[in-house]
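Reader: I would like to learn how to read a protein model one feature at a time. Could you walk me through one?

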Amino acid sequence: QGAGTLNFTGLKKHAIQSSGKTTVNSGTINVLSAVKDGMNVDSFVINGGTVSVNNPNGDGIDADQGYIEVAGGALNITCSANDAKGLCCDSTLTVSAGTVKITLSGADSKGMKSDSAMFIAGGSVTIVSTGDTCKGISCNSNLTITGGTVDVTVGGAASKGIKTDGN
């Protein structure tokens with residue numbers, strides 16, 4: 001939180017790792033690269049500020065123990081590895097405000113992936129994926145879109161804009 005800028009590079013593993021909830025309220029966070037995930041946290045919340053992740057080797061933001069909530073601010077994620085996920089979590093993924101821009105180029109990639117329900121109720125989501133067998137949005141439960149702007153472009157062979165295992 002604050003008006004400053006933090007730049008991170010993960011030379012051995014993740015650029016940012018937290019065994020708890022990570023909340024961004026303001027400021028600028030830049031993940032320049034990482035050997036694994038750009039951010040590997042239990043849960044991730046952004047209320048304001050800007051988080052940019054450029055990761056050629058793994059996922060953008062992986063909340064592997066919890067949820068993701070985008071309630072404001074801006075997320076800019078670029079991943080080029082195969083099977084990379086821009087935003088992924090084991091619980092719910094919610095976008096209620098703010099801007100999410102995800103660009104993927106590796107095969108089998110997923111722009112936004114949730115193992116539980118996903119809700120888009122506001123804000124702006126833009127996902128561009130050019131790799132083969134990619135999914136712009138992948139939800140293992142119910143996907144609910146009630147507001148906001150969602151723009152998903154997939155260009156690779158056998159790719160899907162939205163894939164859900166629920167409703």
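Author: Not counting residues up to four places away in sequence, serine 129 touches Leu104, Cys134, Thr153, Val154, Gly155 and Gly156. Before going further, please keep in mind that this is a predicted model, in which local features need pLDDT of at least 70 and side-chain atom pairs count only at pLDDT 80 or more, while totals for chains, interfaces and linings use all residues. Residues are numbered from 1 along each chain as its sequence is written, and side-chain values use heavy atoms, with hydrogens and water left out.

Reader: Where does serine 129 lie, and is serine 129 buried or exposed?

Author: Strands are DSSP runs (E, at least two residues), and they are numbered from the N terminus. Serine 129 belongs to strand β11, residues 118-129. For burial, the scale is relative accessible area: buried is under 20%, exposed is over 50%, and partly exposed is in between, using a 1.4 Å probe and protein chains only. Serine 129 has 1% relative accessibility, so it counts as buried.

Reader: Which residues touch the most other members of the largest nonpolar core?

Author: A nonpolar core is a set of buried Ala, Val, Leu, Ile, Met, Phe, Trp, Tyr and Cys residues joined through side-chain atoms within 4.5 Å. The largest one here has 36 residues, and Phe44, Val51, Ile61, Leu75, Leu87, Val100 and Met112 touch the most other members. Take leucine 75: leaving aside neighbours within four places in sequence, its contacts include Phe44, Val51, Ile61, Leu87 and Val100.

Reader: And on the surface, which residues form a nonpolar patch?

Author: Patches are made of residues with over 30% relative accessible area and no salt bridge; like charges are joined within 9 Å, and nonpolar side chains (Val, Leu, Ile, Met, Phe, Trp, Tyr) within 5 Å. Accessible areas come from the Shrake-Rupley method with a 1.4 Å probe, and for residues only the protein chains shown count as cover. Ile145, Val150 and Ile162 form such a patch, with about 220 Å² of accessible area together. Valine 150 lies in strand β13 (residues 143-154) and is partly exposed, with a relative accessible area of 30%.

Reader: How many salt bridges are there?

Author: A salt bridge is a side-chain nitrogen of Lys or Arg within 4 Å of a carboxyl oxygen of Asp or Glu. Searching the whole structure gives five salt bridges. One of them joins lysine 85 to aspartate 59, at 3.9 Å from N to O. Lysine 85 is in strand β8 (residues 85-89) and aspartate 59 in the loop between β5 and β6 (61-63), so this pair ties together parts that are 26 residues apart in sequence. Lysine 85 is buried at 15% relative accessibility, and aspartate 59 is buried at 8%.

Reader: What does lysine 110 form a salt bridge with?

Author: Its partner is aspartate 83, with the closest N and O atoms 3.4 Å apart. This pair also links distant parts of the chain, 27 residues apart: lysine 110 is in strand β10 (residues 110-114), and aspartate 83 is in the loop between β7 (68-79) and β8. Lysine 110 counts as buried at 14% relative accessibility, whereas aspartate 83 is partly exposed at 41%. The side chains of aspartate 115 and lysine 113 meet in a further salt bridge, at 2.4 Å from N to O. Through shared partners, salt bridges join Asp59, Asp83, Lys85 and Lys110 into one network.

How values were computed. Helix = DSSP H or I, 4+ residues; strand = E, 2+ residues; numbered from the N terminus. Contact = heavy atoms within 4.5 Å.
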